[in-house]
Amino acid sequence: MANVTLSPANQTPQIIQGEEQNLKIKLSQSAKDLLSLPIDEMIISGQQVNWGDVETSIKKLMETLANDTGPGSRDADNNVTSAAVVRAFWEKFCDIPPFCFPRPASGSATP
């Protein structure tokens, strides 16, 4: 996956870095890797990547990470951990394209 991450076509590292700066947080390398894996796999498999969707999804996830104060959400250096990324995926999964569509309002029928 290192070759994908370093590819100039992969915008994920720049998107993550920009959001770290905007939100004034720092992710551990493992957290960055975990956040990038689904996109890396799309690139490797030859799927078309909608970078607008990727940026929207990463922003939503990073906002969730910035507000996560749960146990294990930060390491000894105050970096956001991969455990926090797993929680953010769980919390936002149906609101991060292209993985799922937005969640219906509570009590609404599913599409």
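1. Helices (H or I, at least four residues) and strands (E, at least two) are taken as DSSP runs and numbered from the N terminus. The model is predicted, so local features need pLDDT of at least 70 and side-chain atom pairs count only at pLDDT 80 or more, while totals for chains, interfaces and linings use all residues. Residues are numbered from 1 along each chain as its sequence is written, and side-chain values use heavy atoms, with hydrogens and water left out.

2. Lys 24 sits in the loop between α2 (12-23) and α3 (29-44). Its phi is near 55 degrees, a positive value in a residue other than glycine. Most residues other than glycine have a negative phi. Lys 24 counts as exposed because its relative accessibility is 75% (exposed is over 50% relative accessible area, buried under 20%, partly exposed in between; 1.4 Å probe, protein chains only).

3. Asn 78, in the loop between α4 (51-67) and α5 (82-92), also has a positive phi, about 70 degrees, and is not a glycine. Asn 78 is exposed, with a relative accessible area of 52%.

4. The axes of α2 and α3 come within 10 Å and cross at roughly 140 degrees; axes are lines fitted to C-alpha atoms, for helices over the stretch in contact, and angles run from 0 to 180 degrees between N-to-C directions. The two helices α2 and α3 are therefore oblique to each other (under 35 degrees is roughly parallel, over 145 roughly antiparallel, 65 to 115 roughly perpendicular, the rest oblique).

5. Thr 12, Ile 16 and Glu 20 of α2 make the contact with Lys 32, Leu 35, Ser 36 and Ile 39 of α3, contact meaning heavy atoms within 4.5 Å.
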